[in-house]
Amino acid sequence: MSTLIRRTAPFLRLKSCYSDIYSTRLLHSRSKGQRNGTPTGLYGFEHLKTAKGFQRFVDDAIERSAELVNFISEMPSSAQVIRAMDEISNTVCCVVDSAELCRQTHPDREFVEEANKASMRINEYLHYLNTNHILYDAVKKAEQDSHLLSKEAHRAASQLRVDFEKGGIHLCPQKLDRVNQLNVDIFHLCREFSQNIISDPGHVDIFPASRIPKHVHHLLKPIYQITSGTSSEPLRSWDNRKEKGFRISTEPRTLHSILQWTSDDEVRKMAYVKGSSVPHANHEVLDKLIAARHELSQIMECRSYSDFMVKPNMASSPDVVMSFLLEMSKMIKPKADEEFKAIWDFKRKKCGQRCVDLEPWDEAYYTAMMKSSAYNLDSSDVASYFPLPQCIEGLKVLVESLFGATFHSVPLDPGESWHPDVLKMSLHHPKEGDMGYLYLDLYSRAGKYPGCANFAIKGGRRISESEYQLPVVALVCNFAGSHDSSTVRLNHGEVETLFHEFGHALHSLLSRTDYQHFSGTRVVLDFAEMPSNLFEYYAWDYRVLRRFAKHYLTGEVIPEKLVESLQGARDMFAATELQRQIFYALVDQTLFGEQPDPPRDTSSIVADMKNQYTSWKHVEGTHWQIRFSHLINYGAGYYSYLYAKCFAATIWQKLCQEDPLSLTTGTALRTKLLQNGGAKDPADMLNDLVGNGILRHCSTGIVPDITSFSDEMKLVEDKQKQLAL
């Protein structure tokens, strides 16, 4: 899973004020007037006309926040306190989120460096806010005055109080100082871990070039070496003996292509081992991160960092999470073992007596061959039906059919964009007007964030009875190509990724919460991935695909048989992929769970768990965990993806499957789920959406009901077959 959500302020989740006493001068990018061609700044923020503008952006955020802190200190009404707190959150988060998007995507190094500085400064200021007793005391009083607040305001007060306490504000000064230092250390360790992955992707050199399939040559760097000879030979003959090879960067995208398409098993092995062993510097960084997070949790009187992180979520405790994961692991093992044996048998037939073992670097190669053989699929033929402009049309089909809205391009003002490839889209409803804005930055380029993600820029919030601050988000992908989108064609996996990220974007764009604190994806972690997983289903349904998937030359609609073949190929090794995701989640829970004394080496933990919970063996000398960025972004929360899959399967089967593009379906999704963001309890929203049968209460927490997901994976059917035997 390469996808992920860009979440705001790591420690302060202060997330509007719609009283006239609150100025919003800092926060308004010119959403309503951005079509007049007047020069503006990056993302529409006036301060960001130059890279140095980040300095003033931070200064003004701090100045405005200080004004609001002073206002709260004067003991206004509880409703005004919550609005002012949300104003602080909005002010700070605009800076945090803009700086993060700029750091990850801007091609100008000066902008990136200034965004880095702004990010550091604003995070330092967050520590001050998180330990401000004036704010904490005001929030506690507001929470007690529940009868004076709306339901959403009271929920905001309660969550703000919990967030303050997660920052350690209730501790004695000595412990609070240590918590603050640990939070700073953790922030820097996370940055270092991520930067190491980017700066040291690893590489292997392969000679001769003929060992690499021609259709992946464009991903690799040509290199040359001189073959053996004597120094007495003429210089020209030395030139003739220059041999061409390729340097394979083992960053994930290139590595996947090599593992899938290269027949030379030694090349696959070299690439796999190197790609699973870098960056070496992250061994120490990960050890320090685990220790720092554990110490933090101990000071906070939690058993582990997992306990600390899971407690506010639906699961509520690591015991509930582990029970769910182990149930899933046990459920999937027979089918995963069956798939492993099928791949092994296929390799033996292809290789004859030379083969003994099935190795981890064989999986992608042989499963691709088996899928192609079973369903006669050619990736270039499939991609012919998914030119990028048509895929964007597919997004438009979704919003028009489901929500009665339109999704159209709007001009970018001078200075608003960060690259010529960027597009800006407006979500518009005929009765409600503009609902939000989405930047699309879809093409791969040097120095850019390497994965696919949804970045918040500005959350939605109510400013007054008649005015709403519209949400602004950026959808970032790394498709091969350039701004000439007519030549860019996506494979189906990329289409699925696009729809996944669009699910996150819609969660933000359709959100209509009073408070920015709850806008869109600002929900508990084990609920955040559900909308995106739900929208993946739309990328597989023929009734949806036939509306936009058309051949780039002939305009022919994608054949239904081709879609059925894609679905069949997807299902061939679904248990293997699910088992991998369960393994990732188990490793995440274990590394950040209760710590043994003395601590165990993380590589030995991962090795033991791979042998225990997957059908595949661990390869000595590999250290997969040191480049698994989700340990940083979703530490102790990776199980959320599996929660999302189960919830999404139930919603699809009970609500969407019969008529996935109906306005009735879309209205239910919008009014009962998406527009609420985090303003309502997620369990209540899920039950309201589909009724009983979507979740179960387990001990002190909530887990998804896995019935629909089991049906989808045909696990019940397979178990019945086994019992019959």
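Tutor: Tyr439 is placed in strand 7, residues 433-443. Strands here are DSSP runs of E, at least two residues long, and helices are runs of H or I, at least four residues long, both numbered from the N terminus. This is a predicted model, in which local features need pLDDT of at least 70 and side-chain atom pairs count only at pLDDT 80 or more, while totals for chains, interfaces and linings use all residues. Residues are numbered from 1 along each chain as its sequence is written, and side-chain values use heavy atoms, with hydrogens and water left out.

Is Tyr439 buried or exposed? Tyr439 is buried, at 1% relative accessible area. Buried means under 20% relative accessible area, exposed means over 50%, and partly exposed is in between, with a 1.4 Å probe and protein chains only. Phe499 is 60 residues from Tyr439 along the chain, and their C-alpha atoms are separated by 15 Å.

The largest nonpolar core has 140 residues. A nonpolar core is a set of buried Ala, Val, Leu, Ile, Met, Phe, Trp, Tyr and Cys residues joined through side-chain atoms within 4.5 Å. Phe386, Leu438, Phe502, Tyr538 and Ile651 have the most contacts inside this core. Helix 24, residues 640-656, gives the most to it: 11 residues. Another core lies apart, with 60 residues, including Ile82, Leu126, Ala157 and Leu470.

Contact means heavy atoms within 4.5 Å. Leaving aside neighbours within four places in sequence, Phe386 is in contact with Cys391, Val488, Arg489, Leu490, His492, Val495, Leu545, Phe548, Ala549 and Ile558.

His507 is buried, with a relative accessible area of 0%. Beyond its neighbours within four places in sequence, His507 is in contact with Gly520, Thr521, Val523, Pro531, Leu674 and Gly677.

An α-helix has 3.6 residues a turn, so residues three or four places apart point the same way. Helix 20 runs over residues 560-572, 13 residues in total, and reaches 19 Å from its first C-alpha to its last. That is close to the 18 Å expected at 1.5 Å a residue, where the expected span is 1.5 Å times one less than the number of residues.

On to the second largest pocket. Its volume is about 300 Å³. On a 1 Å grid over the protein atoms alone, a cavity is a set of points where a 1.4 Å probe fits but cannot get out, and a pocket is an open set with protein on both sides within 12 Å along at least five of seven lines; lining residues have an atom within 4 Å of a point. Grid points are joined across faces, edges and corners, and a volume is the space filled by probe spheres set on the points.

The second largest pocket is lined by 15 residues. Ile290, Gln595, Pro596, Pro599 and Arg600 lie nearest its centre. Helix 10 (282-299), helix 21 (574-591) and helix 22 (602-613) each give two or more residues to this lining. The largest share, 4 residues, comes from helix 10.

The loop between helix 21 and helix 22 holds Pro598. A cis peptide bond joins Asp597 and Pro598, with omega about 5°. A cis bond also joins Phe207 and Pro208, with omega about -10°. Pro208 lies in the loop between strand 2 (203-206) and strand 3 (221-226).

Two serines have backbone angles to check. Ser316 is not a glycine, yet its phi is positive, about 75°. Ser316 is in the loop between helix 11 (305-310) and helix 12 (318-351), and is buried at 16% relative accessible area. Ser699 has a positive phi near 55°. Ser699 is in the loop between strand 12 (695-698) and strand 13 (701-704), and counts as exposed at 70% relative accessibility.

Last, Met713. Met713 lies in the loop between helix 27 (707-712) and helix 28 (715-724). Met713 is buried, at 9% relative accessible area. Residues up to four places away in sequence aside, Met713 touches Ile332, Lys335, Ala574, Ala575 and Leu578. Leu578 is 135 residues from Met713 in sequence, with 9.7 Å between their C-alpha atoms.
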